[in-house]
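Subject: Handing over the structure

Hello,

As promised, here is the structure for you to look through. My notes follow below it, so please keep it open as you read.

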Amino acid sequence: MCSAVLLLAVLLLLIRPVVEALDNGLALKPTMGWLHWERFMCNLDCDTDPNNCISERLYMQMADVMVKEGWKDAGYEYVCIDDCWPSYQRDAQGRLQADPKRFPGGIKKLADYVHSKGLKLGIYADVGENTCGGYPGSLGYYETDAQTFADWDVDLLKFDGCSMDWTLLGEGYVNMSKALNNTGKSILYSCEWPFYEWPFNQPNYTAIRETCNHWRNFADVYDSWSSIKSILDWTAAHQDVIVPSAGPGGWNDPDMLVIGNFGLSHDQQESQMALWAIMAAPLLMSNDLRDICPRSRELLQNRHIIAISQDPLGKQGYRTAKVDRFEVWERLLSNNRMAVSVLNRMEIGGARGFFISEFPSWKMCDPQCNVTQILPQYKEMGVQTLHNKVKVSVNPSGTALLTITPIRSGLKGPQKLHWQDMTIKQKRTTVL
């Protein structure tokens, strides 16, 4: 009897807890789509700026372009409304209602239009008394608002965290998650729970993953390189906490892609695209798809980068090395492949070279591997060995993105264990 109890105790110690995802069958890969906020913000001036104000016209035009110009075919499927869409007053039954002047057809009609294009519609609400823009929040109306969104046939809810006591955030987000599931309608649930809790307390990512399909952790993205850098720095500093929670059904969200706007050079746009793919982040563009430069469109629709983003293994990558103002970020892919980004943090001078043999994952190239460069230009680099001295060239604030495929059937045990050990001990960034 004693030996059986001892055996059970040992087995329990060996069993690692599994972080379960929200059980709604959605977001099995990072969400792809378009979201209005960073580019169009809360523009209500439909009289003098009808093409750019927050109105049904804007979303219908974006849906049209997404189909016509290859965005849907590339994988972008959600057209998402952010703040400032509602009327300032609920209706007589206590339901949210769209601003009648800017959305004369109502949200249901807009959803039907978007669905007719083979796309999905996202909407915005807030866990607190008011939205960040001062419109009615969902506090006290979780069941009502969830059912309203289901009745409108909405496919995604972005749920913000303004006007709410941080100690009540978890309860509010859990209650809305339950309310959405109780409607019987499949509605992807995008939360901002950890973002609003981090200033006071380290969030419970087990609970967050059980509640949400993706979640914001850090400040809003701006159309600037300094904003992108701050997001990357925060993510790397907290990767030991946030990376283990990510996987099919639930993802860390570093905020919108601002590619195709005004503030980033093309090298910096490539860096955001590459690193968002490495981080298994939702790819939610905030730009004007009706007027976007061809190079930005080509980058956003790059099938090789999207394949990394949507890799079925569903592992989030993270920063694994810092050396001479370079950062190496690596992501394990299906079939024992690796995606690697080399970010040049210098913002002066010209292109600099980085030896690919200095990747922490380069041991997988024993005895050989095949290397493909995706950014800045697609190039088959061919078969490489463990001791090859090959460099990639990276412009200031730019990124080289590569994939590595071992040439053999599976990894040797110790090498595979090495990578797993690194994923458990995220904070051990290698300084070469």
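Predicted model: local features only at pLDDT ≥ 70, side-chain atom pairs only at ≥ 80, totals over all residues.

Strand 1 has partners on both sides. With strand 2 the pairing is parallel and runs over three bridges. Strand 1, which covers residues 32-35, is also joined to strand 8 by three bridges, and these two strands run parallel as well. On that side, G33 stands opposite L284 of strand 8, and W34 has M285 as its bridge partner.

Stepping back, you will see that the strands belong to an open sheet of eight, with parallel pairing and the order 7-6-5-4-3-2-1-8. Which strands form the edges? They are strand 7 (251-253) and strand 8 (283-285), each of which pairs on one side only. From one strand to the next, the twist averages 25°.

Helix 3, residues 56-68, touches strand 1 and strand 2 (78-80), and its direction makes about 160° with that of strand 2. Helix 5, residues 106-116, touches strand 2 and strand 3 (120-126), and here the angle with the direction of strand 3 is about 145°.

**A pocket and a glutamine**

Next, have a look at the second largest pocket, whose volume is about 270 Å³. It is lined by 13 residues, and the closest to its centre are H266, E270, E298, L375 and P376. Which elements give two or more residues to this lining? They are helix 12 (266-278), helix 13 (294-300) and strand 13.

Strand 13 spans residues 368-375 and also holds Q373. Why does Q373 count as buried? Its relative accessibility is 5%, and the cut-off for buried is under 20%. The side chain of Q373 reaches the backbone oxygen of Q377 at 2.9 Å. Beyond its neighbours within four places in sequence, Q373 is in contact with Y378, K379, M381, V392, L401 and L402.

W225 sits in helix 10, which covers residues 225-237. With a relative accessibility of 6%, W225 counts as buried. Not counting residues up to four places away in sequence, W225 touches G263, L264, Q268, S271, L343, E347 and S397. P50, by comparison, is 175 residues from W225 along the chain, and the C-alpha atoms of the two are separated by 30 Å.

E210 lies in helix 9, residues 205-211. Its relative accessible area is 42%, so E210 is partly exposed. Leaving aside neighbours within four places in sequence, the contacts of E210 are with E20, A21 and L22. There are 39 residues along the chain between the positions of E210 and G249, whose C-alpha atoms are separated by 9.2 Å.

Best wishes, and enjoy exploring!

How values were computed
Residues numbered from 1 in each chain as written. Heavy atoms only, no water. Pairing = 2+ DSSP bridges. Helix = DSSP H or I, 4+ residues; strand = E, 2+ residues; numbered from the N terminus. Axes fitted to C-alpha atoms, helices over the stretch in contact; angles between N-to-C directions. Contact = heavy atoms within 4.5 Å. Buried < 20%, exposed > 50% of the residue type's maximum accessible area, 1.4 Å probe, protein only. Polar contact = N/O pair within 3.5 Å; in protein donor to acceptor, adjacent residues only side chain to side chain. 1 Å grid on protein atoms, 1.4 Å probe; cavity = no way out; pocket = protein on both sides within 12 Å on 5 of 7 lines; lining within 4 Å. Points joined across faces, edges and corners; volume = space filled by probe spheres on them.
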